[in-house]
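Here's a short tour of how the parts of a protein model touch each other. Have a look at the picture, then read on.

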Amino acid sequence: METDWRRHAKNRLMTGLIAGAFVLAMIPLVSLVYEVTKRGIPGLSLEFFTADARGVVGEGGGAAHAIVGTLVITAVASLISVPIGIMGAIYLNEYGTGRLRRALTFFVDVMTGIPSIVAGLFAYALFELFLGPGIRLGVMGSVALSVLMTPIVIRSAEEVLKIVPNHLREAAYALGTPKWKTIVKVVLPTAFAGLLTGVMIAIARIVGETAPLLVTTGVVDSINSDPFNGRMQNLAVYAYNEYRSPGVFKQAAYDKAWAAALTLIAIVMLLNILARLVYRRCKTEIR
Amino acid sequence: MAQVDTTTNAGQLLAAASGGRRRLGDRVFSRTAVVAAVTILLLLAGVAVFLVSEGLPALTAGASELPEGKTFLDYVAPLAFGTALAALIAAVVAVPLAVGVALFITHVAPPRIASTLGYMVDLLAAIPSIVYGLWGIFVLGPAAVPVLKWLEEKLGWIPLFEGPASVTGRTMLVAGLVLAVMIMPIVSAIAREAFGQTPRKLTEGAQALGATRWETIRMTVLPFGRSSVISGAMLGLGRALGETMAVTIILSVSGAVTFNLIGQANPSTIAANIALDFPESSGLAINALIATGLVLFAITLVTNMGARAIIARQNHE
């Protein structure tokens, strides 16, 4: 009887600890969202989204150049990663055999673990070799980000292609459809929503990256939308610089850093929520 | 098996019957897929090759030419120490927490809300590291100051809490804690998947024998998910080793090699050192930083491959 009491007390204690772990883990999330919202809102204004920081010495100026830069760098990175990633996944799921398939599976896993700063150094080393030391370009940032993005795209795309039912492929073959047309006209459309989810998650993962861009795209105060020419600002590095070198108007700079952080969180959350919604539709469509 | 053979045979027959056009389409498409696969492998090889080629000048240079006038080994050793220390704090804090969170979601919380709870944990992983950095220095750091003071007063006899306690909170302990928050969702996601796959016959069998919830977890779920937790912990460790911005922003660095986690003088990490010094460096200093990046790459590679090997062996079983 006594041991029974102890067993149940222990059960309650451990269940409490497990629930406590969850509550403890949620505290940072709540605090983070609350603090970033509270501190970010004062810096948000029309000016923040429409003006750049060129020649600004006082409190004014915005982050338009950083927003444009984030969009361009992310778009170019996606243009590199999405086709390669999806074709790679098609290779893994539809064609791959033998050693190349095994090597790709293994090294994609390895690639997901590359530290983001190392991806940045790689892009710098690559471009430095051809364009000389000290080079900073928007496209260098995109190349760095594509090292991080490609494995995420290929992983998720492979998962989605896997769940496309085989009888769809077999039905297409039975009608005499060549394999490539089966993939393009049957497999990919069926998997479309799932592929889109994966791409959105991948974009959400790289859009807030700071470290690889810190060493590749440089710092600039005015809008530059040409990834192949000159330095390019982006939101994450913008937030870092406003924090790190706030200048005389310290609070104004901090406000801008928090506003940029809030904008980034909003973009990331929006992408994640959209991805979840799209994925729900994908699951019902495939079945 | 036989079915697959028939379809390929039928496809080949049809392709032969309709001439070369169809086969050309197939050939082009499958070649493109192979090219994409090879490109990805080349990309990874490229990371290693270019880091080596640009890091090599620093590895072979004399001490007098390198930053701080040290040999490369003397330059990288304190950084590697700081990297390992920060990642270790993160793993020690994050792994038990992640196991608790995973158990809560899979075996304690009502199944109806489990996927929503899991989604909330995943959100933690989606938050950009720069935001963690700002949160760490403006929110967690100041909030930690009284705790650091208390640690110094009550537990100062432990070398880890030797003090004098930082008055800004920009310490190794706070940086490690922020890293812990960042890697917890990664470890938890892997643990969650494994715990969720515990065979029902085991858990229900334990319950039928009168085991309490905790006894069921301890005797069936935990042993079943053990190797997943280990590999998840290693993946999390790998992430913590390479995490840059949070440490760059939070840690007040001095290059000291110390186990004192709450003081003002902290060892830097490889990644943070690159982020801090790279924008203002030129010449051989750049090569030295790239070489430290190579060291970081090697460390994370070994950690991750270890984790993957554990996963692979487990899948095999």
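Let's start inside one chain: across the interface of domain 1 and domain 2 of chain A, the rule finds 0 salt bridges. Keep in mind that this is a predicted model. As for the kinds of residue involved, the side of domain 1 of chain A that touches domain 2 of chain A has 4 nonpolar, 2 polar and 1 charged residues.

So where are these two domains? In chain A, domain 1 covers 2–41 and domain 2 covers 44–286. Their C-alpha centres lie 34 Å apart. Contact between them involves 7 residues of domain 1 of chain A and 8 residues of domain 2 of chain A. Together the two domains bury about 640 Å², and carbon and sulfur atoms give 75% of that.

Now for the meeting of the two chains.

| Interface | Buried area | Share from carbon and sulfur atoms |
|---|---|---|
| Chain B and chain A | about 7500 Å² | 79% |
| Domain 1 of chain A and domain 2 of chain A | about 640 Å² | 75% |

On the chain B side, Phe29(B), Ile40(B) and Trp214(B) lose the most area to chain A, and together they make up 9% of what that side buries. In terms of contacts, 83 residues of chain B touch 83 residues of chain A.

How many salt bridges link the two chains? The rule finds 2 across the interface of chain B and chain A. The side chains of Arg7(A) and Glu215(B) meet in a salt bridge, at 2.7 Å from N to O. There are also 9 residue pairs in polar contact between chain B and chain A, both residues being at pLDDT 80 or more.

Which element of chain B gives the largest share of the side that touches chain A? That's helix α2 of chain B (residues 20–60), with 21 residues. Sorted by class, this side of chain B has 57 nonpolar, 18 polar and 8 charged residues.

Methods
Residues are numbered from 1 along each chain as its sequence is written. Chains are lettered from A and ligands numbered from 1 in the order in which they are written. This is a predicted model: local features need pLDDT of at least 70, side-chain atom pairs count only at pLDDT 80 or more; totals for chains, interfaces and linings use all residues. Side-chain values use heavy atoms; hydrogens and water are left out. Contact means heavy atoms within 4.5 Å. Buried area is the accessible area (1.4 Å probe) that two parts lose on being put together, summed over both. A salt bridge is a side-chain nitrogen of Lys or Arg within 4 Å of a carboxyl oxygen of Asp or Glu. A polar contact is a pair of N or O atoms within 3.5 Å; within protein, one must be able to donate a hydrogen and the other to accept it, and residues adjacent in sequence count only if both atoms are side-chain atoms. Helices (H or I, at least four residues) and strands (E, at least two) are DSSP runs, numbered from the N terminus. Ala, Val, Leu, Ile, Met, Phe, Trp, Tyr, Cys and Pro count as nonpolar, Asp, Glu, Lys and Arg as charged, and the others, Gly among them, as polar. Domain bounds come from an automatic or database domain assignment.
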